[in-house]
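Student: Could you walk me through this model before I start on my own notes? I'd like to go topic by topic.

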Amino acid sequence: MGRTPTEQEAAATEKTTCFHCGLDCADISIAVGEKYFCCRGCKAVFEFLNDSGLAAYYQDGESPGVKPESFEPGSRFAYLDSAEIRQRLVDFSDGTVSRITLSLPQIHCASCVWLLENLYRLRDGVRHSSVNFPRKELTVVFEDNKLSLRQLAELLTRMGFEPQFRLDSIDKQPAPSHKRSLYLKIGVAGFCFGNIMLLSIPQYLSLDIESSLTVLFRYTSVGLALPVLLYSAGGYFQSAYTGLRQKLITIDVPIALGMLALVIRSGYEIFSGLGPGYLDSFTGLAFFLLVGRLFQQKTYDHLSFDRDYRSYFPISVLRVTAQGETSVPIAELNVGDRIRVRNQELVPADGILLNGEGFLDYSFVTGESEPQHRADGEQVYAGGRQVGGAIELRVTKKASQSYLTRLWNSPLLQSQAQPHITDLANRVGKYFTAAVLVVAAGAALYWLPRDTHLALNAFTSVLIIACPCALALSSPFALGTALRLLGRKEFYLRTPATVEALAAVDTIVFDKTGTLTKSQDSEILFEGSPLTAYEMSLAVSLARQSTHPVSRRLAQLPHSTPKNEVHDFAEVAGRGITGQVDGHLVRLGRRDWASWTPGAENTSLSGADTASYLSIDKKMRGQFRFTNKYRDGVPAMVSGLRQNYHLALLSGDKDHEQERLRGFLGEDATLIFEQSPHDKLAYISRLQQENHRVLMVGDGLNDGGALRAADVGIAVSEDTAAFSPGCDGILRADGLAALPRYLRFARRSLTVVKVSFALSFVYNLVGLSFAVTGQLSPLISAVLMPASSISVVLFATTLTGLQARAAGVD
């Protein structure tokens, strides 16, 4: 018979956490002195670091380590020995020294950074290593004759930081240097603006200087203005021209008109000797507009909003031959090859299961929350993640022709809906341009019979003063500030314009699995005769012996007793597991298996969810029932949204939780289950055809088409640096409950833009009072235009910050 643990033993285990990673220790026998570890992997990493003189790693944080997966080097990273793959992965190599940037999603604290930047102390051959924490990347410079890329990967994996090599890593293209070009343009405009203002000081102060110096200063100003005209401001003229060719009037059209008027009138006045011109206003206008464009374009470079299936696929797979296992690139897989897929690895190509029991998690591809069981001889499709023991497959289609690749490359999923929302500034710019031209023409016609010169001055003055600099700066600074404030809450949007799009949505469509629910977690309820803590530990101890997905979930159940010894363990595929646990005969699995009654009813007591039945000493005790675990705050979030938005839920899962979902989504919400990726895309398209502005919130590849087609697509991610489908924004999963506040803030930010527009119009009216009379002097222009720009920028950024606080986003 079994024994009951003492209270002292139970308390000791309950309070013991792993010295390395901080997880609970189920077995207090794994220890080094008074330091306890949850597994032998954590103990091995500690000993490795301690022996290498890096025990200070544990002084920078409380249990800062990462729990390593079991790792046997073998041929796992053998593909890195391929010269072709190595060449495509490294950033630089001269044959002696190489530099590579690796993605390490396990980086999570200062201790990780400290450890990884001390790699040179762990392995000879590492010259330098540096961490980019926001991107969770490690850049390593190493000597080729002392350390191979494969050895580097094995070293990091042994430490608990397995590099994430994906198929898109070897197809990466260098990013265009748009930002560098913009910085150069700002530098040129700023330099010329500052120097022209210095040369204009005598004019501002009405100083009496020699005429030769006056001419020199003016001609020098022309020389300084030319680089701004031809280089820095060239993008605005090109954009205006392109828009006019396409019969579109954007905000760049009145900006280009204003700049052109400034340059032409300045050139006329300077070369005819009539005055100093307005080149200081022209260069200042270009400088402020470019700063606004930088603010608008600056976004979260460490995130990728345009990912495809290649970001999901590994680079290599284990091919099994008569000579053994060999790691080969996926591109080299051929029909008929035999491959091995281990626990938590992705199936890279369609195939037939030859050996092992398949439990494939397709939640990221189809939305189905429960792993699908596959037996020998059954078809297995690419994209599933094996969550049990290792399986072997015979490839039936190349990776490039697999189900997942065909799904992603479907024309329906690749089609990008035309944007329903035009930038507010461009919409206003269309009417603003017409108004400016009308006012300018009216002023010219009014003065023309009286004084031709004054008529020309009035016409050009209106174009100059009405140049919508402040108007153009309102939107990027207000919405750019909003984007940064949201980013502090780990809600990352692609561009400031996405904030404007969020403010306009009227319909929100949710995915269920992995979005509203926790993809790797579920609620476990026990129904039946109540279990004592000791009986619960018997069930958990047995479950720990199996790699079946249900057993793995049961193994995570909290208990307060030491690990029990298990003997005579057996697992029968499709039925359950059994074993002698601390002297008790325990069974978990199907009802007929656990009850020792062949042919017994196998449905769960509730008739809905996944269940595992438990018997102890041949006595049925009840069932463990698994239900989806919804993210914290989801009911309150939905309640806050349904007052202002129409809600819908599209799920690839079955409808067994429809009643529960209806309870907090409301009777007016649309709930549709067993939806394929094409079904979701079609539903979004129907809503848009009915003139709805749609926000799609999802998480997986099955949501990829809908996320791309929606007016705004938000991907929910447990780790914002990890893979997520192409989208307009990435929201950290634990921030989903704050979505109503974020949407409210987006609406308020758009209001700030509109108020800023009104302020800029006031400045234009003041300036026009001088312009229409032909009395616009260079001094008034030099003061009014920068003053309006700076004040509107300060107003927009300050008011946006205040609105963030009012909306609860601070």
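Student: Fine, what should I know about the model and the numbering?

Tutor: This is a predicted model, in which local features need pLDDT of at least 70 and side-chain atom pairs count only at pLDDT 80 or more, while totals for chains, interfaces and linings use all residues. Residues are numbered from 1 along each chain as its sequence is written, and side-chain values use heavy atoms, with hydrogens and water left out.

Student: How many helices and strands are there in the protein chain?

Tutor: The protein chain has 28 helices and 28 strands, taken as DSSP runs numbered from the N terminus (helices H or I, at least four residues; strands E, at least two).

Student: And how much of the chain is buried?

Tutor: Of the 810 residues in the protein chain, 52% are buried, where buried means under 20% relative accessible area, exposed over 50% and partly exposed in between (1.4 Å probe, protein chains only). Among contacts with a separation of 6 or more, 67% are between residues 24 or more positions apart, a contact being heavy atoms within 4.5 Å.

Student: Which residues touch the most other members of the largest nonpolar core?

Tutor: They are Met259, Ile508, Phe510, Leu641, Leu647, Leu665 and Leu695, in a core of 105 residues; a nonpolar core is a set of buried Ala, Val, Leu, Ile, Met, Phe, Trp, Tyr and Cys residues joined through side-chain atoms within 4.5 Å. Another core, of 43 residues, lies apart from it and includes Cys42, Leu89, Val113 and Ala153.

Student: What does Leu647 touch?

Tutor: Leaving out residues up to four places away in sequence, Leu647 touches Ile508, Phe510, Val638, Leu641, Arg642, Leu665, Ala669 and Thr670.

Student: Switching to rings, how many aromatic pairs are there?

Tutor: The structure holds eight aromatic pairs, counted when ring centres of Phe, Tyr or Trp (its six-membered ring) lie within 6.5 Å, with planes under 30 degrees apart called stacked, over 60 edge-to-face and the rest tilted. One of them is formed by Phe193 and Phe288, edge-to-face at 6.2 Å centre to centre with 65° between the planes. This pair links distant parts of the chain, 95 residues apart, with Phe193 in helix 6 (residues 178-199) and Phe288 in helix 11 (residues 279-297).

Student: Are those two buried or exposed?

Tutor: Both Phe193 and Phe288 are buried, and together with Phe287 they form one aromatic cluster.

Student: Now helices 17 and 18: at what angle do they pack?

Tutor: Helix 17 (residues 469-488) and helix 18 (residues 496-504) pack at about 90°, with axes 8 Å apart; axes are lines fitted to C-alpha atoms, for helices over the stretch in contact, and angles run from 0 to 180 degrees between N-to-C directions. Where they meet, Leu479, Gly480, Ala482 and Leu483 of helix 17 face Pro496, Val499 and Glu500 of helix 18 through contacts.

Student: Last one, which loop holds Glu490?

Tutor: Glu490 is in the loop between helix 17 and strand 16 (491-493), where its phi is near 65°, a positive value in a residue other than glycine. Glu490 is partly exposed, with a relative accessible area of 29%. Asp617, likewise not a glycine, has a positive phi of about 55° and lies in the loop between strand 22 (610-616) and strand 23 (619-630).
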